Amino acid sequence: MPNEHVQIFDTTLRDGEQVPGCKLNTQQKVIIAKQLDQLGVDVIEAGFPISSPGDFKSVEAVSQTVENATVCGLTRAVKKDIEVAAEALKKARKPRIHTGIGTSDSHIKHKFKSTREEILVRAYEAVKYAKSFVEDVEFYAEDAGRTDNEYLARVCEEAIRGGATVLNIPDTTGYCLPSEYGAKIKYLKENVRGIEKAILSCHCHNDLGLATANSVEGTINGARQVECTINGIGERAGNTALEEVVMVFKQHPYLNLVTGIKTELLYQTSQLVSESMGIYTQPNKAIVGSNAFAHSSGIHQDGVIKNRETYEIIDPKDVGVNHSAIVLTARSGRAALAYRAKNLGYELTKLQLDEVYANFLDFADRKKEIEDDDIHQIIETSSIYSQI
Ligand code: KIV
Ligand code: ZN
């Protein structure tokens, strides 16, 4: 089977920036956009231009800066929003308007106090209007995760009739199970008239910790764009993490799904976003967390020292991390201590290691993590030091 390209639509600067208290200024957005462009994302959603003059300015500045990726601006299905987005995107080499409306019964009834038929008309008109400004129009069916498939297919058909090139199927509330979300994409692929004119896009939230799994299942079932953020940041529990979905495809080549991401830039991009937003990345975060390639238990350390692949499925260099870490704690074994000691210039015989290890355990029971300085001290205060 030939490889199929999955577009990476990065929404760190729009959905990601909706994290409470993590507003970015224009300069920070431009720096992150440049990094995303280098990383190789296909689309950068730069903001929601009508939401504030500051966001308008940021979308304008990102549009002027980005050289390769498509630059996208979000709108509601409202004429004024679309006009403002088109204005903000004027200087983009490849502009895209991302317009849409809520399609679940709950959104239609409570948010819009409208009817299913009226929503179909609004979807069509919004896309058609956006299309009068730019060629590339993406339509989102907000809360598609809780919209019944038959009605969702009709909404998609109206968006295609209006000229949409991408159909975004958001699991806005992060409610779907992977099997359910995958089946939704498959249903749309098989039942929407005119679907060959557009690609389906996954936009999954992480309220149940399933955003990445849902996005992967969506692509396996035919979606060809994934919407995601660096470090999975976003409102509530966040969005699909870009680094996770990209590495899932890379580590499972038989899926025949490929992206254009330069994975060796993932770690530095993660650090940039975390520092700019002031959001600390959890140590056990997959791919980019500080413990993602750290080994602390004796059994694992012994295995990794013998052969990295015993306990690592990813070469840390592939994501821009220099090397795996052997963290010395009271759970570490002799192999790890000997390995770290050797790196510090001490070749220990078996007998010497026995004494140093006993002193090490005594020390490690009192201190959580043993640093290089501690090892120097442990070895140099051992009775065997004069023989080393
Ligand atoms: O989660 C969502 O539904 C969204 C849309 C506005 C695209 O972010
Ligand atoms: Zn979202």
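User: Which residues does the UniProt annotation "domain: Pyruvate carboxyltransferase" cover?

Analyst: This is a predicted model, in which local features need pLDDT of at least 70, side-chain atom pairs count only at pLDDT 80 or more, and totals for chains, interfaces and linings use all residues. Residues are numbered from 1 along each chain as its sequence is written, while chains are lettered from A and ligands numbered from 1 in the order in which they are written. UniProt positions are given in the numbering used here, feature names are shortened, and annotations may be inferred rather than shown by experiment. According to the UniProt record, an unreviewed entry, the annotation covers residues 6-267.

User: How far apart are the end C-alpha atoms of residues 6-267?

Analyst: Helices (H or I, at least four residues) and strands (E, at least two) are DSSP runs, numbered from the N terminus. Over residues 6-267 the chain is 42% helix and 18% strand.

User: How many helices and strands does the protein chain have, taken as a whole?

Analyst: Let's start with its extent: along its principal axes, the C-alpha trace spans about 85 × 40 × 40 Å. The secondary structure of this chain comes to 14 helices and 12 strands.

User: What share of the 388 residues counts as buried?

Analyst: A residue is buried if 20 or more other C-beta atoms lie within 10 Å of its own, exposed if 12 or fewer, and partly exposed in between, with C-beta atoms placed from the backbone. By that rule, the buried share of the 388 residues is 46%.

User: Which strands each supply at least two residues of the shell around ligand 1?

Analyst: A residue counts as near a molecule if its C-beta atom, placed from the backbone, lies within 6 Å of it. Ligand 1 is surrounded by D15, Y140, E142, N168, P170, T172, H203 and H205. Two strands each give at least two residues to this shell: β6 (136-142) and β7 (166-171).

User: How many nonpolar, polar and charged residues are in that shell around ligand 1?

Analyst: Ala, Val, Leu, Ile, Met, Phe, Trp, Tyr, Cys and Pro count as nonpolar, Asp, Glu, Lys and Arg as charged, and the others, Gly among them, as polar. Sorted that way, the shell has two nonpolar, four polar and two charged residues.

User: Why is β6 largely enclosed by the rest of the structure?

Analyst: D136, E138, Y140 and E142 point one way from β6, and V137, F139 and A141 point the other way. In a regular strand the side chains alternate between the two faces of the sheet. Residues on both sides of β6 are buried. The strand is largely enclosed because the number of its residues that are buried is seven of the seven.

User: Where is D143, and is it buried or exposed?

Analyst: D143 has a positive phi of about 65° although it is not a glycine. It lies in the loop between β6 and α6 (149-162). Because D143 has 22 other C-beta atoms within 10 Å, it counts as buried.

User: Is N256 buried or exposed?

Analyst: N256 is found in the loop between α9 and β10, and its phi is positive too, near 60°. With 11 other C-beta atoms within 10 Å, N256 is exposed.

User: How far apart in space are N343 and D148?

Analyst: N343 is found in helix α12 (residues 334-343), and it is exposed. In sequence, N343 and D148 are 195 residues apart. In space, C-alpha to C-alpha, they are apart by 60 Å.
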